[in-house]
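User: Could you walk me through how this fold is packed? I'd like to go over a helix and the core.

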Amino acid sequence: MSNDEAMKNKLKKHLSNTFWMKDLGTAKHCVGIRIEKTNDGITLDQEAYVETVLKRFNMSECKPVKIPMNASEKLSTKKSPKTDEEVAAMKDVSYQEAVGCLMYLAQCTRPDILFAVNVLSRFNQNPGPKHWIAVKHVLRYLRGSSQQKLHYKRDANLEVVGYCDADWGSDPEQRKSTSGYVFLASGGAISWSCKKQPTVALSTCEAEYMAVSAAVQEASWWRDT
């Protein structure tokens, strides 16, 4: 993306001399992401991909919900199958495939589902019925929000602004906290992360400190680039 036509033409000529390529004009789709020009900038979305995922897991006609995860539902390995019968009941459930699809969305254009996907991915090895219900809850959220977009405004401030937060001891088994941050530029999110902290925080202050540390590392990278 550039507003320098001479530089763009020079770069395309160099690339075409090095690789076999076609000039397809203005980008409209890239790796499943739709790119649209607006009067005040550009937008990125994966509405078509969301529809494909919903159809794949028979959730196209599901009832939408307003949040990606039920906060009152504490998922843990205690809800994983314990008997052969329970394992057999989950054998035909495409849990890992669904989480993989959600992960792609969360990494590309949907930071709003990142925390939920982060939690659900912890049970890929041995998911249970409660975990699968939580996956379908995210799909129901996507049913009602498939048209959400990242909007980067042309005249917005180019300054990178970051926010971070942490919950304290949200993992019911290891008692580890989760760090999260998001960085914005031109009115839209450009970088985001949600990870379980590597050690147990002994207070909310310590959990917040580790979240700030992770955010500062990301901020330093953006500053240097």
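Analyst: First, a term: the expected span of a helix is 1.5 Å times one less than its number of residues, and helices (H or I, at least four residues) and strands (E, at least two) are DSSP runs, numbered from the N terminus. This is a predicted model, where local features need pLDDT of at least 70, side-chain atom pairs count only at pLDDT 80 or more, and totals for chains, interfaces and linings use all residues. Residues are numbered from 1 along each chain as its sequence is written, and side-chain values use heavy atoms, with hydrogens and water left out.

User: What is the reach of α6 from its first C-alpha to its last?

Analyst: α6 has 17 residues. At 1.5 Å a residue, the expected value is 24 Å, and the helix comes close to that. Its reach is 24 Å.

User: Is Ala134 buried or exposed?

Analyst: Ala134 is found in helix α6. Buried means under 20% relative accessible area, exposed over 50%, partly exposed in between (1.4 Å probe, protein chains only). Ala134 has a relative accessible area of 14%, so this residue is buried.

User: Which residues does Ala134 touch, not counting those up to four places away in sequence?

Analyst: Contact means heavy atoms within 4.5 Å. With that cut-off, the partners of Ala134 beyond four places in sequence are Leu75 and Leu120.

User: How many residues are in the largest nonpolar core?

Analyst: Such a core is a set of buried Ala, Val, Leu, Ile, Met, Phe, Trp, Tyr and Cys residues joined through side-chain atoms within 4.5 Å. Those with the most contacts inside the largest one include Leu120 and Leu142. Its count is 39 residues.
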